[in-house]
Amino acid sequence: MHELSLCRDLVAMVAEVAAAENATKVKTISLELGPFAHIEPNSILFCFDAVAEGTLAAGAKLEIIRTPARALCPKCRHQQMLTERFQSCELCDYFPIELVNGNEFVLKSLEVC
Amino acid sequence: MCGICGCSEEVTTQATSRQSLLNYIGHTQPRSGMALLQPLLPGQEVPISGDTTALLSAAGSPAESTRLIQVERSIQDKNNHFAKRNREYFQHNHIAVLNLLSSPGSGKTTLLVKTLTQLKQQIEMFVIEGDQQTQIDADRIRATGAAVLQVNTGKGCHLDAAQVGTACAALAPSPKSILFIENVGNLVCPAAFDLGEQVRVVMLSVTEGEDKPLKYPDIFETADIVLLNKCDLLPYLEFDRAQCLAAIEAVNPRAQVIWMSATSGLGLSQWYDFLEGISRV
């Protein structure tokens, strides 16, 4: 599954940031995941421990914060929250509307010591 | 009860309108107050506050002195960085690049073989082949006389931008050529990885069924062109053409659709016209 290669990139980024901060251990990794990212969060959790073994991220608590999705209607310019993947504009019913955020997969912060 | 996510909404079985089609795929997001996923370990709390639902992995060790580092970087930065570099290289050298995606066996390689044979006098073309194992597809392409490089991903389920960059360094596609990247056969994972391509082509063969754009919306949503292949077999199938077009429209109304048969030649002139058009830019 592709979450494995994303997990490797995550662990590499965590190790890079932690090393730059002279950290000896990573305690918590906070991630933000939008609902329309092509990523299954349980797969990230599944892969993480195996991928992190032997790195500064080994043993860290992984926190995945689900973020909301927002979109902009290109026709009437109305900004709106998205609850469904392919929904039309709640004001003018135009489709498709443009995602403003909701497909991000971000390393938000690290708690280190 | 909805069999997709357990909610109490009705899901219609007669998918004729866009909204009723979307009912099949709309149940993908958490309703307010509903935890979408369970944590890995039993007994873990899943706190829900406001718009966020936090998923937690294994608990950490007892309290010790810690500090917080703000990072705010996309984890897809690495692939996107290589994709950007690829795109700049392609644009600088006027190489038109197409990323071909589909499930295994839909006809990507057969279409490429036909295309390379038909257009080789008019356009210089190069191919990057992606499969877990074997050189089978590269051998088929090579037999047409075109330059090709096979990438074997091993356990990997998709090509990524770094692999494409490395392949291009070896293949050295000529300026003003067309580069086809035939991705690993997979209707899920390759959707998430920008390779630096100019055009994303998603192929669906009619033997796979008209509902696949709804079942695999991620990949169809990203398509610039959808090729509906193996149309020579339509007389032997119960394939609903209108439903398929409606399904594509529901997830991606901007996609251009071409009905074709790579083996019989049906519809290929439209595909060749498109390629000739992008090669002239």
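Residues are numbered from 1 along each chain as its sequence is written, chains are lettered from A and ligands numbered from 1 in the order in which they are written. Because the model is predicted, local features need pLDDT of at least 70 and side-chain atom pairs count only at pLDDT 80 or more, while totals for chains, interfaces and linings use all residues; side-chain values use heavy atoms, with hydrogens and water left out.

**View 1. An open sheet of three strands in chain A.** The strands follow the order β4-β3-β5 in chain A, and their pairing is antiparallel; two strands are said to pair if DSSP finds at least two bridges between them, and the strands themselves are DSSP runs (E, at least two residues), as helices are runs of H or I with at least four residues, numbered from the N terminus. At the edges stand β4 (79-82) and β5 (98-101) of chain A, each of which pairs on one side only. On average, neighbouring strands of this sheet are turned by 40° against each other, direction ignored, where axes are lines fitted to C-alpha atoms, for helices over the stretch in contact, and angles run from 0 to 180 degrees between N-to-C directions. Strand β3 (residues 69-72) of chain A is joined to β4(A) over four bridges in the antiparallel sense, and L72(A) stands opposite Q79(A) in β4(A).

View 2. Most residues other than glycine have a negative phi, and most peptide bonds are trans. The loop between α1 (2-20) and β1 (26-33) of chain A holds N22(A), whose phi is near 55°, a positive value in a residue other than glycine. In the loop between β3 and β4 of chain A lies R77(A), which is not a glycine either and has a positive phi of about 65°. N22(A) counts as exposed at 66% relative accessibility, and R77(A) counts as exposed at 53%; the word exposed is used for over 50% relative accessible area, buried for under 20%, and partly exposed for values in between (1.4 Å probe, protein chains only). The peptide bond from F95(A) to P96(A) is cis, with omega near 5°, and P96(A) has its place in the loop between β4 and β5 of chain A.

View 3. Strand β9 (residues 225-229) of chain B runs parallel to β10(B) and is joined to β10(B) by four bridges, with L227(B) standing opposite I258(B) in β10(B).

**View 4. Two packed helices in chain B.** Two packed helices are described by the angle between their axes and the distance between the axes. Helix α2 (residues 77-92) of chain B packs against helix α5 (residues 161-171) of chain B at an angle of about 35°, with their axes 8 Å apart. The contact (heavy atoms within 4.5 Å) is made by residues including F82(B), Y89(B) and F90(B) of α2(B) and V164(B), G165(B) and C168(B) of α5(B).

View 5. A salt bridge is a side-chain nitrogen of Lys or Arg within 4 Å of a carboxyl oxygen of Asp or Glu, and a search of the whole structure finds 15 of them over all chains. The side chains of D194(B) and R87(B) meet in a salt bridge at 2.8 Å, N to O. D194(B) lies in the loop between β7 (178-182) and β8 (199-205) of chain B and R87(B) in helix α2 of chain B, so the pair ties together parts that are 107 residues apart in sequence. D77(B) and R73(B) also meet through their side chains in a salt bridge (4.0 Å, N to O), and E16(A), R73(B) and D77(B) are linked in a network of salt bridges.
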